Amino acid sequence: MKRIYSVFALLIMVCGFSQQGSIREKILIDDDWKFAFGHQYDVEKDFGHGTSYFSYLAKAGYGDGPAAADYDDRAWRSLDLPHDWAVEQLFDEKASFSHGFKAAGKGFPEKNIGWYRKTMLIPQSDIGRKIVIKFDGVFRNSKVFFNGYYLGNQESGYNGFEYDVSAYVNYGQKNTIAVRVDASMEEGWYYEGAGIYRHVYLEKTEALKVKSDGVFVYTEELEQDKAVLNISAEIENKERYTGKMKVFHTVLDPSGKEVAFLSEEIPVPEFYGVKKVSAKIKVDRPLLWDLETPNLYRLITEIKYKDHTLDQYTTTFGIRTIRFDADKGFFLNGKPVKIKGTNNHQEHAGVGTAIPDELQYFRIKKLKEMGSNAYRTSHHPPTPELLEACDKLGMLVIDEVRLMGINDFHLDQISYLIERDRNHPSVICWSVGNEEWMIEGNDKGEKITEVMQHYAQKLDLTRPVTVGISSGFKSGISSVVEIMGYNYLGNGDIDAHRKEFKHQPGMGTEEGSTFATRGVYITDDHKHYKAAYDQKPRPTFYSIEEGWKFYSDRPYLAGMFIWTGFDYRGEPTPYGWPSVSSYFGMMDTCGFPKDNVYYLKSWWSSEPVLHILPHWNWEGREGKEIDVWVYSNVDEVELFLNKKSFGKKEMETNGHLEWKVPYQKGTLEAIGYRNGKRILYEIQKTTKQPERIKMTSHKDVLTTVKDLAIISVEVIDKDGLHIPTADHPIKFSLKGGGKIIGVGNGDPTSLEKDKFIDELKLIKITDLKEQKVSKDSFKNLSDLQDNNWTEAFKTKENETSTFAYKGNFNLDEEPSSVQVVYYYKELGTDSAIFINGDQVRPSGEDVQKYNLDSSLLNRGENTIHIIAGPQVKKRPWDELNKDPGLIQSTKKQEPWKRKLFNGYAQIIIQNDGTGEDIVLEASSPGIKPGKVVLKKNDL
């Protein structure tokens, strides 16, 4: 049976149909959410959540406050996901060292709780289908509601989760998702962000379907001209299907051509049961996944019931083999590969943990340019898009869980991690722990590791398990883990451990942990800057060069992972406030390279490399010796200053070269030789006065909605030379079809804003009083009696009579500096609204929205009067509305800006999908402005 999948057919598989009986749809629902801060312990500031007579845990459907389906969120901030609210906050010395001193989390109860709400239409044609909401990750401790129904809680900020909402849907009507996020507690000791920082999807399927993450396909046999794939698929039945069903598996090669097919008929699983179907399939002349040609196949798993296709589930995978050998290291497709890896947290300058998809690719490409071939997800499950980038670009991955243990909380994390990620060919190892000092060297650690390891093997026998260990390599975890993970040479005798455990493969899961500030070459502890020469950071830690030489010289070690590829917020060792980010990275938080990048590129890549450090702008140090280093992989290097030779030196394998050079203005020049021939030339030149701003985008055309341009900003002199000491303040303006989403400069001590967003405040109307009035009182306030005001809503007459209500609200700002909107919640029919005695009219289509002119308002106290007819109950048991609504005050953001740090800054632009060209301009006093144009997209 031959099956042809055209481009159109494949599009159908991804997008699905809208009519009942169609196949699987997975719809991204990141756009158009509402957001507001609640409060950690003040119920009133948390919008009254959890205070109703029937709370959400007492009876189904009684979510209250923002969890209620009909809650009025019009005054809340509008935003798109992913969203990290922590990165939007200012810095505060009292905030968490781990989280980079951002004013959120512990000690900031008004910035610990975030509420998200989204409304959407689900058509009548979806009746009978299974409707599921899928979250890739929420930091952290999220409660989710749908149309007021409580769905569940996910404590970890790193696990994805999903909820079936089929029974709660209002088909053909408005549906509301509400999420309460509590980020008051940290899971890690590094910046973790806050909020719905990963994607959210609405998935529609039939009730007889492939279970989420239920397909596993791997290479069982690989020969020169064929591969045998082992396929298992879990089918679930969420309705009363009975009898037989057919399961089809179709393999498509990287070009989309069908290369293998099989089918079988099996019994339908029982009601709410799951049936696992296993099969083997042969692929001739397979195109292998490897680091240089990361070929990706697709498996289409199709379910038919009574000749109707009920599901088509696509699994992307690669054909490849991996093997760790205790004597010879790591093998990919039977060939030895030395692992050249980096550890990384999920965070980037300007955007925090809410990393857009394109930025994931940008970061992996930066690591590959350095020569890196491996990535450790330190220390938690990554976002799916990171692994997709590693699959497509050819990057090996150690995939890690968050915490060690043997109970459901811990083992469920392993299940989630492995079942979600086991089809990614980039993943070569599962890590079930890191530096668990309380248990590393004792029997508790040994027992926990054995349980977690065996549990992982039950889910996936194709990859080994490792743990990163740092408190000695002698006993406990070290004695039982499949792949020994050595964290830092100084923490134990690796060679001695190897002699005792000769059959245990090993690798350096963390090494280096060095300190360097990009562009700084003289350590200044007062300013919290560390010189960027590769030095031993602490007595028991080793430089990058020392670490690489150690692992490179030992064939039995598979390789090493440097701590870290990129700087990250938090853990600003060896300093504290006002340092707010780490010093460990080979690159800074923007991805601008430090000099260590060129050392690694010299010995991790095959291309010729020649790099000189430091820069050559040392005014005031004339005649003083400057340490000049050269990183290169050539045979010999000769160094010149203003044509005067300082000698030719032979390059040691995995080493570097050093000279002492008295400073004078001019040109520092290095010439690289291989086999006696000059092959490379590099200079560092004293620059002239700043001339203009230069901006360079990593791409010139944005082709999809939410595509990114990551733009480097620098100042150059009249000769076009980059000025490495420039620290100019840069102001940005943007026109066209895009928006700025973040700025950064890599300065570990910068306390500048990452984002410039409108400052929105929600102001409550207080001291609400009432008096009964005649029906003719709607045009003015003259009939109101000052001595007749009583506390509002203390009488049942609100249901039958017209009342006037009086309250107060306070504005902290000058009215002319803010935009003020009143979002009225109806207190009765035929309402009239007065602000400080003047009647105001509704604005636009929303008859309960009032744009308040600044001329009507006072800084400080303001008075509002509302005259409204009787409230009308829809049902006898309904409660009267006692909330007059909210005042929203919005202060417009100041222009986006960032100071250059040692010559560079970065700004990230996101496409809005309108198709307009995007024009970014940058200015600074005293120099010529810069401009970059991102061309009209091709949507």
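In strand 25, T466 is the bridge partner of S431. The model is predicted, so to speak of local features requires pLDDT of at least 70 and side-chain atom pairs count only at pLDDT 80 or more, while totals for chains, interfaces and linings use all residues. Residues are numbered from 1 along each chain as its sequence is written, and side-chain values use heavy atoms, without hydrogens and water.

Strand 24 and strand 25 (residues 465–469) are parallel and share three bridges; two strands pair if DSSP finds at least two bridges between them. Helices (H or I, at least four residues) and strands (E, at least two) are DSSP runs, numbered from the N terminus. With helix 5 (residues 443–459), these two strands form a right-handed β-α-β unit: with the strands pointing away from the viewer, the path from the first strand over the helix to the second runs clockwise.

Strand 23 (residues 396–400) runs parallel to strand 24 and is joined to it by four bridges. V397 stands opposite V427 of strand 24. Between strands 23 and 24 the chain passes through helix 4 (residues 408–421), in a right-handed β-α-β crossover.

Because eight of the eight residues of strand 24 (residues 427–434) are buried, the strand is largely enclosed by the rest of the structure. Buried means under 20% relative accessible area, exposed over 50%, and partly exposed in between (1.4 Å probe, protein chains only).

## I414

Leaving aside neighbours within four places in sequence, I414 is in contact (heavy atoms within 4.5 Å) with V401, V432, M452, Y455, A456 and L459.
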